[in-house]
Amino acid sequence: MTLHGADVIRFSIGSLRGFPSRTVLMLVAMAIGVCSVVVLTSLGEGARRYVTGEFASLGTNLIIVFPGRSETAGINPTTMMGETPRDLTLDDARSLLRSYNVLRIAPINVGSADVSWKGRSRDVVILGSSHELLGIRHWEMGQGRFLPQADLDLATPVAVIGSKIRNELFGAKRALGEWIRIGDRRFRIIGIMGSEGRSIGVDVQETVIIPVASAQQMFNTSSLFRLLVEAKSRDAIETVKAFVIDTLQERHQGEKDVTVITQDAVLETFDRILGTLTYAVGGIAAISLAVAGILIMNVMLVAVSQRTAEIGLLKALGASPRQIIILILTEAMILSALGAFTGLLLGQLGSLIVRHTFPVLPAYAPAWASVAALVVALITGLLFSLMPARRAAQLDPVLALSRR
Amino acid sequence: MIELVNIHRNFQVGDQTVHALDDVTLNIDAGEYVSIMGPSGSGKSTLLNLLGLLDQPSSGTYRLNGQDVTSLGNLRQAQVRNREIGFVFQMFHLIPRLTAAENVELPLLLAGLEPEQRHPRVARALDELHLTDRSHHKPEQLSGGQRQRVAIARATVTKPNVLLADEPTGNLDHKSGQDVIHILEELNDRGITLIVVTHDPEIGRRAQRQLHMMDGRLVDGQGTG
């Protein structure tokens, strides 16, 4: 007495079509569960790709140096005296160029100041740096040229402005070659940044870039905010990092008072954090799958009591308890599978819409999420219909048939 | 063929025990035509359900073709129901979403027969009950008499030895009821053991052997007659 698979499936589909509202309800529940897993993980994955992509666009083989030590170095005379760390100076920067493995460096100073032209003015982030910054950051010029290749100490009154600043100050007028006032100094515009230059922390389009020495004078500091060091190759990164630490320690009277991080380390950290986030979001979405499973259980229980007479009849016709269980489970599995695939399609559609709406966010659902959603949906569908199926199998046929 | 020995069937209703069947002993030979009559609550339906293995006795022995079927497991009992016994119900109990042919096919499908073995048997069963032109109709498109004929086709498609009918004419008008009774009797003429439960004396009288039940007992010790 073994049922034929084709018969079971035909019978189950028949009974699903016999109760369309129930079927649709369960399909929707499953579909929503799977769909939310797909969409949410695609958002998480999109955020991860976006952030790591942005970091990569900051520059490659990059080592970032900033003053102050982020690790506790234990008790020494300086901590007792509460001395602030030594400045990171332009001389420090220049000393790093000695290494064969260092391709180029760019010192960075940041501040904000009023930028004005013919009565129009606005407060702008001022970036003090050097010629090398353009290459390190992979930025592109819109018009004119970048800061000239000159000695770092030279406070030339030239400025490169972002395209948004240009539009706000000059409108349709020609900006290149004009003199603008930054703080209490006058600078001549020699270049305008391209619209592509955008990266974490700094929106180049809303920035004005001047030589680092000018910025130091303007903000009255001899220290640097950051020092970007580009290694010759990926393999040289660690060597350069060690070299930077040693050189600066030597120059700072043996104090390890700078923090050196590599682009890779930052990237890896963000990658890990956001990867975990994607898992977490996927896990939260999976709860909706469990909810769908409970709904399936309820609806299958209703289905069993709705069809008491039919199940009783099947028993009278010689269906064994096992056969009844197989029939009910098959029904639930067909529903779960259909719902899961519908949800998968909806989810893909959803992430397509996200990608369309936010083109910067590469919201592609990771393959593991789709597979996991499908598998979890099928398993919950199966597990949660076991109980209703059992109940159907144990139904007393006499009672079932006498109900009218 | 059917042997019931000292069958009891008790139900617990609240803290009261109801003796639906009280020490019933009954022999029915192959090919007999038996009617079971009695007022409602006399235990006639319980007896029929027990004969059809839909219910278990509280005590006593039930032998079908010499085999003790009360001690069989679920699966074996289901097989016996499928092969040996056909049911005809007062409410027809056709599955509304299936066509007449599909309803008739169900017992064969549950038996695990191949489609090519099933289809000729279904066609023959429908033909014998003059339902061939109705085979693709849904139950709701059939009259009461036709529905009961579909149910009879379903009960006989597995060629059972015993046909159990529980008030088979209860939901039919007089004419259709007569037709159904004639069909059942014709099947009996061809050798099937027919057991009809009814409270209609006119139908009950037609049987060669008439059993009367009262308070869970067979009246006058007719069981072994």
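Trainee: What radius of gyration does chain A have, next to a compact globule of 404 residues?
Mentor: Keep in mind that this is a predicted model. Chain A comes out at 33 Å, whereas a compact globule with its 404 residues would be near 22 Å.

Trainee: And what box do its C-alpha atoms fill?
Mentor: Roughly 100 × 60 × 35 Å for chain A, taken along the principal axes.

Trainee: How many helices and strands are in there?
Mentor: Chain A has 13 helices and twelve strands. Of its 404 residues, 49% count as buried. It exposes about 19,100 Å², with 60% of that supplied by carbon and sulfur atoms.

Trainee: OK, chain B now. How does its radius of gyration sit with the globule figure?
Mentor: It agrees: chain B has 17 Å, and a compact globule of 225 residues would be near 17 Å. Its C-alpha atoms fill a box of roughly 50 × 40 × 35 Å. You'll find seven helices and ten strands there, and 56% of the residues in chain B are buried.

Trainee: Back to the surface of A. Which residues form a nonpolar patch there?
Mentor: Val371(A), Val375(A), Ile379(A), Leu383(A) and Leu386(A), with about 420 Å² of accessible area together. Val375(A) is in helix H12 of chain A, residues 367-394.

Trainee: Is Val375(A) buried, exposed or partly exposed?
Mentor: Partly exposed, because its relative accessibility is 41%, and that class lies between 20% and 50%.

Trainee: Which residues touch the most other members in the largest core here?
Mentor: That core has 79 residues, and the ones to look at are Ile2(B), Leu4(B), Leu47(B), Tyr62(B) and Ile195(B). Its largest share, nine residues, comes from helix H11 of chain A, residues 321-357. There's also a second, separate core of 34 residues, with Leu94(B), Leu126(B), Val150(B) and Ala155(B) among them.

Trainee: What's Ile195(B) in contact with, leaving aside its sequence neighbours?
Mentor: Beyond four places in sequence, its contacts include Ile2(B), Ile28(B), Val34(B), Leu48(B) and Val162(B).

Trainee: Last one. Where is Pro57(B) found?
Mentor: In the loop between helix H1 (44-51) and strand E4 (59-64) of chain B. Pro57(B) counts as buried, as its relative accessibility is 16%. Leaving aside neighbours within four places, Pro57(B) is in contact with Ile7(B), His8(B), Arg9(B), Leu50(B) and Thr70(B). From Pro57(B) to His19(B) is 38 residues in sequence and 11 Å in space, C-alpha to C-alpha.

Definitions and conventions:
Residues are numbered from 1 along each chain as its sequence is written. Chains are lettered from A and ligands numbered from 1 in the order in which they are written. This is a predicted model: local features need pLDDT of at least 70, side-chain atom pairs count only at pLDDT 80 or more; totals for chains, interfaces and linings use all residues. Side-chain values use heavy atoms; hydrogens and water are left out. Patches are made of residues with over 30% relative accessible area and no salt bridge: like charges are joined within 9 Å, nonpolar side chains (Val, Leu, Ile, Met, Phe, Trp, Tyr) within 5 Å. Accessible areas come from the Shrake-Rupley method with a 1.4 Å probe; for residues, only the protein chains shown count as cover. A salt bridge is a side-chain nitrogen of Lys or Arg within 4 Å of a carboxyl oxygen of Asp or Glu. Helices (H or I, at least four residues) and strands (E, at least two) are DSSP runs, numbered from the N terminus. Buried means under 20% relative accessible area, exposed over 50%, partly exposed in between (1.4 Å probe, protein chains only). Contact means heavy atoms within 4.5 Å. The radius of gyration is taken over C-alpha atoms; the globule rule is 2.2 Å times the number of residues to the power 0.38. A nonpolar core is a set of buried Ala, Val, Leu, Ile, Met, Phe, Trp, Tyr and Cys residues joined through side-chain atoms within 4.5 Å.
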